[in-house]
Amino acid sequence: MSPIFDMSDSEVGPVGIATAAEALREGELVGLPTETVYGLAADARNGKAVAGIFAAKGRPHFNPLIVHVLSLEDAGKIAVFDAAAMRLAEAFWPGPLTLVLPRRPDSGIADITTAGLDTVALRVPAHPIARILLSAFGGPVAAPSANRSGHVSPTTAAHVAADLGGDVACILDAGPSGIGVESTIVGFSGEDAVLLRPGGLASAKIEAVLGRKLVAPASDAAVSAPGMLASHYAPAASLRLDVTDVRAGETLLAFGPDLPAGSDRAEAIQNLTMSGDLAEAAANLFAALRRLDRESAAIAVMPIPNDGLGEAINDRLRRAAAPKDRVPTARR
């Protein structure tokens, strides 16, 4: 099992940063905390290192990775920003927004990182430990969620260790992720801004800055960003959504104080939020799914409002409930 560094310890933390930065330089993988979920980080310029991400996760090679950088200035060396993209970057970076933009020919990003596409997904994370590591390493890192591909995303260092503990050089433990769902991903097609994945930044906030509505990707859209696979974020258990009753043998993923009929029959109950707070629900989502997955082969899920972060929560639940063999057309 790889070493886990407690980043709250004033003596252990600097050792963890130095160890992780050196591991990245050596082409190894690192478990990295961000404000969204924990990431599996590698040098985005090192094709062999990035290939290690795909191997460790069991991730399809046509599914591109998000590149994390320290600043907008660094991002500008990798991708071309038009006026709309620049407005979003200036408004929301550092933060839980990923932009899919044209990749510069001299970006230095390995082709495997972008799945051979002429675009690149970029984010400037806000988490202080992620930023300290990016500064210490001095370059861009590819960092998808640190879990087996298609499995429930990790929001604690323990989740990373459970899925990938033997595949990483070290894990930086900064406690539970604050947001708890992945970043919102926006791409651009002509005059349209496209919501490729709902996430930790509400669509309404993005639309307010753009001054126009985000559009949905085409139903047959190629995979141009992470999180577009129909089946994703999935526990081994099956999910039944928007339930008004609980059946025998099911566990219950609850929302709010009023439980559905038959909840006394539930094998186990995890309530995302007793108060109906969507931010609290998002932060608890993946950990709750992991706990319920250990208790039963079937999970009943209460309805969750689709406002604000509820859009991202419902997106993850729909993908978790989808048949495991559904994969959209891949653009290679």
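**Reading helices against a sheet**

Mentor: Let's start with helix H6 (residues 157-164), which lies across S1, S2, S3 and S8 and runs at about 160 degrees to S8. This is a predicted model, where local features need pLDDT of at least 70 and side-chain atom pairs pLDDT 80 or more, while totals for chains, interfaces and linings use all residues. Residues are numbered from 1 along each chain as its sequence is written, and side-chain values use heavy atoms, without hydrogens and water.

Trainee: Which strands does helix H1 lie across?

Mentor: Helix H1 (residues 12-25) lies across S1, S2 (30-32), S3 (39-43), S7 and S8 (170-173), at about 140 degrees to S1. Helices (H or I, at least four residues) and strands (E, at least two) are DSSP runs, numbered from the N terminus. Contact means heavy atoms within 4.5 Å; angles run from 0 to 180 degrees between N-to-C directions of axes fitted to C-alpha atoms, for helices over the stretch in contact.

Trainee: In what order do the strands of the sheet come?

Mentor: Strands of a sheet pair through backbone hydrogen bonds, either parallel or antiparallel. Here ten strands form an open, mixed sheet, S1-S8-S2-S3-S7-S4-S6-S5-S9-S10. S1 (4-6) and S10 (192-197) stand at the edges with a single partner strand each, so one side of each lacks a neighbour in the sheet. Pairing takes at least two DSSP bridges; two join S4 (66-68) to S7 (141-142), which run antiparallel, and Val67 has Ala142 as its bridge partner in S7.

Trainee: Which residues of H4 are buried?

Mentor: In H4 (83-92), they are Ala84, Ala85, Leu88, Ala89 and Phe92. Their arc, taken from axis-to-C-beta directions, is only 135 degrees, which puts them on the same side of H4. Exposed Ala83 and Glu90 sit on the face turned away from the buried side. Buried is under 20% relative accessible area, exposed over 50%, partly exposed in between (1.4 Å probe, protein chains only).
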